[in-house]
Amino acid sequence: MKLLRLSVFSLLGLAVATALAAPGLIGPKVEEIWKQQLARLQGGEVAQYQRGWFGAEASTRVESGDGGTELRSEIQHGPLLFTAHGPRLGVVYTETRLSPDHLAPQLRAQLEQWYGRLDQSPLVLESLVGADNRIVNYLRLASFTRADSSGELMFDGGQLLIETDYSGALLTGSLELGSIRHTRAGHEALFTEPAEGTFKYTPGAGGEAELLLPLLRAESESGPLELRDIRLQLSVEEVGRGLLKLISDLKLPQVQSATPVTALQQQMTLPQVAATDLLHYLSVLVPDAGRDWPRAMRRPLRLQQQLAVQSRNGPVLVDADIDWHGTARGAGNGADWWLAPLAGTVTFSAAEQALMQSPLVAKAMMLRQYGLLMENNGELQMHLQADRGRLLVNGQQLPPDLLLLALTGDF
């Protein structure tokens, strides 16, 4: 019995000694890996790294075109880690925050637009390197309430979870976004229930993501709008030579509004797109009244889109296959600047009652009068075909400026 008790105490002492010694052995390796990873970050530089026995503190400066931003990290060495989610066994745990006193001017302006004066970082990144060869990252976004001349805006915060292993061969994760509420003069202008999403990505192959929003209510120009069970699915495939194939599928199965629309589904496919071109066209989606469109549309883009709208008066369908070669430098602003680099087709069909009992009735009647909308078995149809400067509407050649005048109502 005495020998057993001595053995237990010896093992316990060995375990305690190992636990106390482990941080001192892990610490130098953590610092080495930390600096190696930071070296891969463009514009990143370790400003300060103070290593202790059980942890370290690090200051990192990230330079951008707008200036420099400083990040402050608190680092714990394993094997016992005290995380924001409770005690864990692992190799290292870090919490990284923005330094409010050292932010790039543009980043500060964007954050203070929502959070007001920054006394603490609204963004917190937690990283846990576990004993099971897994790396878990939590990016937390703080909640805020903002009041100004446009009303009061409240956001309940959000969290992004990313899991991977040391090699980064597989990324999985989830997204949680809190409720958003916007009121004007005490009346609700926008409300969303909490949204959630999941994603999975394999470097060199591709991945998929899904976002679910149970409810969105808003006031629109035509009256109240309510959307339920919104679902967005994304699929990305790497097709070689730095090109991606992207498929997005948006479903709005329940629509309540002042219009006859009851449901909507839109699927868009980009068969081959460079990541830089994709980012460019995403930025073009941001409204800008003074945008130079021939300049903005210089990059190539090919897309296929199917839009199906269900209404109380019948369906509306739009099918498009567009091959945009991009505008050349110095392209003019004439009415046909967009036609020369364009090839593809657009087919539009709608139940006659769906157009005749909609706000588009006047335009639909004018387009039908001039033969641009053809009637076929209770449907109104239009088929457009473009081929490098030549435009056909329902099989007949038409000057592009006349089509634009017709579509804008100035025919």
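Modeller: Two residues are in contact when heavy atoms of the two lie within 4.5 Å. The model is predicted, so local features need pLDDT of at least 70 and side-chain atom pairs count only at pLDDT 80 or more, while totals for chains, interfaces and linings use all residues. Residues are numbered from 1 along each chain as its sequence is written, and side-chain values use heavy atoms, with hydrogens and water left out.

Leaving aside residues up to four places away in sequence, E237 touches A205, G206, L243, L244 and K245. The C-alpha atoms of E237 and G204 are separated by 8.6 Å, and these two residues are 33 residues apart along the chain. E237 belongs to strand β16, which covers residues 223–240. Strands (E, at least two residues) and helices (H or I, at least four residues) are DSSP runs, numbered from the N terminus. E237 counts as partly exposed because its relative accessibility is 41%. The cut-offs are under 20% relative accessible area for buried and over 50% for exposed, with partly exposed in between (1.4 Å probe, protein chains only).

Strand β16 also holds D229. D229 is not a glycine, yet it has a positive phi of about 55°. D229 is partly exposed because its relative accessibility is 41%. N377 is likewise not a glycine and has a positive phi of about 55°. N377 sits in the loop between β23 (374–376) and β24 (379–387). With 76% relative accessibility, N377 is therefore classed as exposed.

Next come the charged pairs. Side chains of opposite charge can pair when their charged atoms come close. A salt bridge here is a side-chain nitrogen of Lys or Arg within 4 Å of a carboxyl oxygen of Asp or Glu. The whole structure contains 13 salt bridges.

One of them joins the side chains of E70 and R72, at 3.0 Å from N to O. E70 is buried because its relative accessible area is 10%, whereas R72 has 43% and is therefore partly exposed. Another salt bridge joins R117 and D119, with 3.6 Å from N to O. Both of these residues, R117 and D119, are exposed.

E188 and R217 form a further salt bridge, and their closest N and O atoms are 3.0 Å apart. This pair links distant parts of the chain, since E188 is in strand β13 (residues 187–192) and R217 is in strand β15 (residues 206–220), 29 residues apart. E188 is partly exposed because its relative accessibility is 37%. R217, with a relative accessible area of 26%, is also partly exposed.

Last, a pair of helices. Helix α6 (residues 361–369) and helix α7 (residues 400–408) have axes that come within 9 Å and cross at roughly 145°. Here an axis is a line fitted to C-alpha atoms over the stretch in contact, and the angle runs from 0 to 180 degrees between N-to-C directions. From α6, the contact uses K363, M366 and L367, and from α7 it uses A406, L407 and T408.
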